[in-house]
Amino acid sequence: MTSLNVLVAVCMTYVILLFGVAFAADRLSSTGRTTWLRSPLVYTLSLSIYCTAWTFYGAVGYAARSGLEFVTIYLGPTLVMIGWWWGLRKLVRVGRSQRVTSIADLISSRYGKSNTLAVCVTLLAVIGVTPYIALQLQSITLSFDIFAEADPVSRPGEGSSAFWVAGGLAVFAILFGTRNLDANERHHGVVTAVAIEAVVKLVALLAVGIFVVWGIAGGLGDTLSRIDASEIGVWQVDHGRWATITFLAAAAFVCLPRMFQVMVVENDDERHLRTAAWAFPLYLMLMSLFVVPIAVVGLEIMPKGANPDMFVLTIPLAQGQETLAMLSFLGGFSSATSMVIVAAMALSTMVSNHIVMPIWLNAQGSGASVSGDVRSVVLYARRVSIAAVLALGYFYYRLSGGGAALASIGLIAFAGIAQILPALVGGLFWRGATRTGALVGLTVGFVLWLYTLLLPGMGAGVIAPSVMEDGLFGFSWLRPQALFGIDGLDPMVHSVMWSLSLNTAAFCIASLLSFPSPLERLQGAQFVNVFDHSAGPRGWTGSVAQSEDLMIMSQRIMGAREAQEFFHSEAVAQGSRAYLPEPNPAFLERLERELSGSVGAATAHAMIGQIVGGSSVSVEDLLAVADESAQLLEYSSRLEAKSAELSRTARKLREANEKLTQISLQKDAFLSQISHELRTPMTSIRAFSEILRDTDGLEPVEKTRYATIIHDEALRLTRLLDDLLDLSVLENGQVTLNMGQGRLVDILDRAVATALTGTDRALRVRRHRGAERIALRTDLDRLSQVFINLISNAQKYCDAADPELTITVHDVGGRIVVDLIDNGGGIPLDARKMVFEKFARVSAEKAGGAGLGLAICREIMQRLGGDVSYLSGQEGGAFRVSLPVGMEIAAQ
Amino acid sequence: MSRSAGEETGRNPVQPPPVFLERQSYRRRRLMDAARLLPLMGAALFAVPLLWPSEGAGTVRMSAAITYVFGVWAILIAVSALFGRATRQSGGHQIGQETER
């Protein structure tokens with residue numbers, strides 16, 4: 001008999017071998033020589049953690065109890081793998097392009113990075129997987145016990161092996177699962193160890209099977225006839241269970257955290273799926289090929305009451321095949337350990353990322369900005385989580401006592417994990433799926449699973465018998481195993497049917513009724529249309545090619561010379577002789593910083609990600625890019641508006657300046673003019689008054705003449721001062737208007753008569769008196785003053801040989817206008833703008849007045865509510881006087 | 001990014017693909033259709049045992065049931081492997097870039 005010590009020694013050797021393999025694989029991958037580690041074969045074998053100790057030992061027990069039904073657990077995954085083109089391809093592509101780290105992360109990032117959802121999925125996974133881990137510990141303990149029973153020398157304490165196994169597995173998972181925080185979360189060491197364990201368990205099971213068929217039963221034909229003769233010799237299967245468990249296994253295959261870990265997270269190349277699509281079903285088929293023969297032979301030759309779950313181990317032992325038994329033990333050990341390690345890793349990632357880290361970051365406030373800081377915390381959290389998950393499994397095992405049949409716990413866990421399926425499939429294929437929908441669906445499914453399957457399955461006492469019999473609160477339609485009064489179904493079928501269908505219904509309805517956030521909608525589009533958004537799987541291209549791409553891109557952004565200098569200095573810093581540096585993280589980080597100076601951080605990140613990552617840009621990146629460009633756009637449009645405003649102001653300033661200069665010139669001209677105007681009469685007044693004073697014996701006639709001259713000049717001065725006063729009064733608005741009634745024709749008559757009185761030059765005035773018979777109500781004196789001014793201007797300045805002034809009255813747009821047009825040369829173009837300004841004169845040589853006349857006219861007309869303007873486009877000088885509205889009296 | 005668009009067309013001007021390729025890619029797409037139908041066929045075949053009588057005279061022997069289930073299983077694996085090889089060979093390295101249609 002093999003002593004337990006030998007067994008333990010073999011076991012330890014095996015474990016050390018696995019450690020060595022994992023260590024070597026990690027070393028290989030860190031040096032970059034990973035070609036065979038990345039082969040499709042290793043990928044396929046790593047998927048085999050689907051086959052746990054439950055498969056290795058439990059399948060035979062399952063077959064001994066229910067015949068061929070056990071095979072459904074492998075048919076479901078077979079169909080999923082064969083149909084990889086439908087779903088798995090998309091799942092893997094999404095997982096790679098979104099850099100998801102776990103199934104909780106996938107669900108959360110699909111539904112707008114909702115952490116609530118991630119926490120829900122994590123809790124569901126922990127609750128569903130903990131019994132499963134307990135199951136593995138139990139199977140290892142059971143197999144140890146079988147050897148211990150056979151060995152009279154030593155008896156280990158009850159369950160102590162489970163403790164050591166749990167501890168050892170925790171150490172292994174921590175050592176190889178949390179070595180580094182790889183961005184892609186790939187663990188080549190663990191995956192390689194798992195692949196080797198996959199080979200060991202397949203070889204072990206096949207060896208036992210071959211021994212049973214050809215060593216005990218006596219060949220294939222004999223085995224088949226023994227099968228037919230046995231108690232499971234007739235095809236007899238529960239139809240509902242057959243279909244349900246096939247579906248359940250298919251769902252769990254996709255949703256189980258450990259399967260997601262090896263299938264999606266550890267996937268190196270999407271094309272590996274193509275191989276796994278047939279190789280993994282082949283593995284499953286080989287694993288289940290000898291299950292029924294072993295079960296039948298075991299039932300036949302083993303004593304009554306022997307545990308059929310352990311036939312794989314007990315048959316070789318009973319037949320004295322100790323080496324085979326040892327191999328079989330190693331197979332079972334491998335199945336259990338590989339599952340526990342990967343499950344613990346997957347769960348710890350979820351727990352640390354979605355529960356521990358958010359809490360820690362919250363507790364830290366904003367102090368966690370140092371990146372190295374967070375890395376060590378994440379690693380620490382993961383290690384603690386692995387230990388906690390295994391401890392949980394261990395305590396579950398201790399508390400449950402390890403009595404229940406292995407298979408039922410496995411199926412219950414499957415049903416729990418399958419509750420993720422609606423949210424997962426909906427998220428991948430339906431853009432309308434929302435966070436609320438996923439939350440509601442998950443909750444409904446989880447509660448129903450808990451109530452109808454997990455709690456009743458945990459044995460009597462968890463749910464009171466009265467509830468089982470009469471339903472919750474005495475409602476008979478709430479009986480856990482006969483919801484809504486549908487009785488007589490298998491509990492498993494009943495629970496799966498209700499929980500999954502109501503889960504799906506709740507998911508769909510809540511999704512239809514709720515409204516997703518923008519991030520959710522973008523993520524939804526990214527997930528559902530992942531094949532439009534992400535590039536195809538890249539082969540392992542040389543790293544220098546990436547550097548070249550980076551170079552091409554950087555040149556455009558930084559400028560060719562700067563980029564080349566930067567790359568060269570980086571290459572020198574890396575100690576390489578090549579011109580281009582290796583695209584290692586440090587270099588990429590510096591390059592990103594360099595680029596972000598030019599194009600913004602998010603854009604730089606997205607650009608480098610495009611070239612290096614092999615993963616598509618995440619929605620957050622895109623949103624950040626959009627934000628940045630929106631900011632730039634807003635900034636530039638603000639600048640544009642500002643510059644437009646500035647140029648407008650500048651133009652106004654220029655105009656004002658021009659006007660001021662002109663006015664200043666006018667003022668200067670006026671001052672000289674006014675001093676001249678004042679000086680001329682003053683000079684003659686002084687001269688003549690001196691004559692009167694100093695000259696004796698003047699004739700009275702002369703005296704009178706001189707006095708008259710003095711008087712005239714004094715009058716001229718007075719007139720000038722009057723004009724100035726008049727204008728200043730008008731401008732200050734102090735004038736009072738004497739409103740009166742009169743006819744336009746009378747006003748014009750008086751104005752013409754006054755203006756032309758005592759002039760030396762004849763001015764012919766042409767009028768159309770008929771049109772002038774318009775009654776007005778205004779300040780008649782002021783209005784006639786305007787006309788007098790305009791007519792005398794024409795008289796003074798008209799340079800025609802035979803001066804003539806035409807006065808016409810007409811209606812323009814409802815207003816009465818009086819045009820005064822002479823036949824002279826008119827006012828030059830550049831002077832027109834200024835004629836109404838004070839002191840303006842058309843030219844110095846034509847000086848007659850002080851240049852105040854037109855300014856006074858305009859002031860008067862504006863006071864009266866009308867206007868006077870120069871009328872361009874006429875033959876001679878032309879002014880238009882617009883009579884104010886309401887000035888004329890309608891009834892004549 | 002615009003990098004690929006501008007640069008690539010500049011370097012290799014687009015040439016019309018030879019006609020026989022179209023036939024090839026058409027074949028490849030139909031092969032993919034068939035590959036997609038495979039799991040449905042498998043599910044239907046695995047459901048056939050549900051039609052067998054479980055009691056009475058016409059019950060099926062366990063050996064026959066095992067032969068049937070494992071036979072279907074083996075055929076599915078073989079066909080799937082063949083599809084994998086066929087699409088890989090005709091598709092070359094471009095197969096993964098094929099968008100769904």
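I began with A:Pro581, which is found in the loop between α26 (560–573) and α27 (585–599) of chain A, where helices (H or I, at least four residues) and strands (E, at least two) are DSSP runs, numbered from the N terminus. I noted that this is a predicted model, in which local features need pLDDT of at least 70 and side-chain atom pairs count only at pLDDT 80 or more, while totals for chains, interfaces and linings use all residues. Residues are numbered from 1 along each chain as its sequence is written, chains are lettered from A and ligands numbered from 1 in the order in which they are written, and side-chain values use heavy atoms, with hydrogens and water left out.

**Entry: A:Pro581**

Is A:Pro581 buried or exposed? I found A:Pro581 to be buried, with a relative accessible area of 2%; buried means under 20% relative accessible area, exposed over 50%, and partly exposed in between (1.4 Å probe, protein chains only). I then looked up the residues in contact with A:Pro581 (contact means heavy atoms within 4.5 Å), and, leaving aside neighbours within four places in sequence, these are A:Ser547, A:Phe567, A:Glu570, A:Ala571, A:Gln574 and A:Phe587. For A:Ala571, which is 10 residues away from A:Pro581 along the chain, I read a C-alpha separation of 4.1 Å.

**Entry: chain A as a whole**

I read that chain A has 34 helices and nine strands, and that 52% of its 892 residues count as buried. Among the contacts in chain A between residues at least 6 apart in sequence, 78% join residues at least 24 apart.

How many residues of helix α6 (residues 103–110) of chain A are buried? I found that eight of its eight residues are buried, among them A:Ala104 and A:Asp105. Just after α6(A), A:Gly112 takes a positive phi of about 70°. I also looked at A:His354, which is found in helix α16 (residues 322–364) of chain A and counts as buried at 6% relative accessibility. Helix α23 (residues 518–528) of chain A is largely enclosed by the rest of the structure, because eight of its 11 residues are buried, including A:Leu519, A:Phe527 and A:Val528.

**Entry: salt bridges**

I counted on a rule here: a salt bridge is a side-chain nitrogen of Lys or Arg within 4 Å of a carboxyl oxygen of Asp or Glu. The structure holds 14 salt bridges over all chains. In one of them the side chains of A:Arg65 and A:Asp309 meet at 3.2 Å, N to O, and this pair links helix α3 (residues 53–66) of chain A with the loop between α14 (291–301) and α15 (311–318), 244 residues apart. A:Arg65 is partly exposed at 42% relative accessibility, whereas A:Asp309 is buried at 3%.

I next looked up A:Glu69 and A:Arg241, whose side chains meet in a salt bridge of 2.9 Å, N to O. A:Glu69 lies in the loop between α3 and α4 (72–82) and A:Arg241 in helix α11 (residues 239–255) of chain A, so the pair ties together parts that are 172 residues apart in sequence. A:Glu69 counts as buried at 4% relative accessibility, and A:Arg241 is buried with a relative accessible area of 17%.

**Entry: where chain B meets chain A**

I found that 40 residues of chain B are in contact with 45 residues of chain A. The area buried between the chains (the accessible area, 1.4 Å probe, that two parts lose on being put together, summed over both) is about 4,100 Å², of which carbon and sulfur atoms give 69%. Helices α1 (2–11), α2 (19–47) and α3 (62–91) of chain B each supply at least two residues of the side of chain B that touches chain A, and the largest share, 15 residues, comes from α3(B). How many salt bridges does the rule find across the interface of chain B and chain A? I found the count to be zero.
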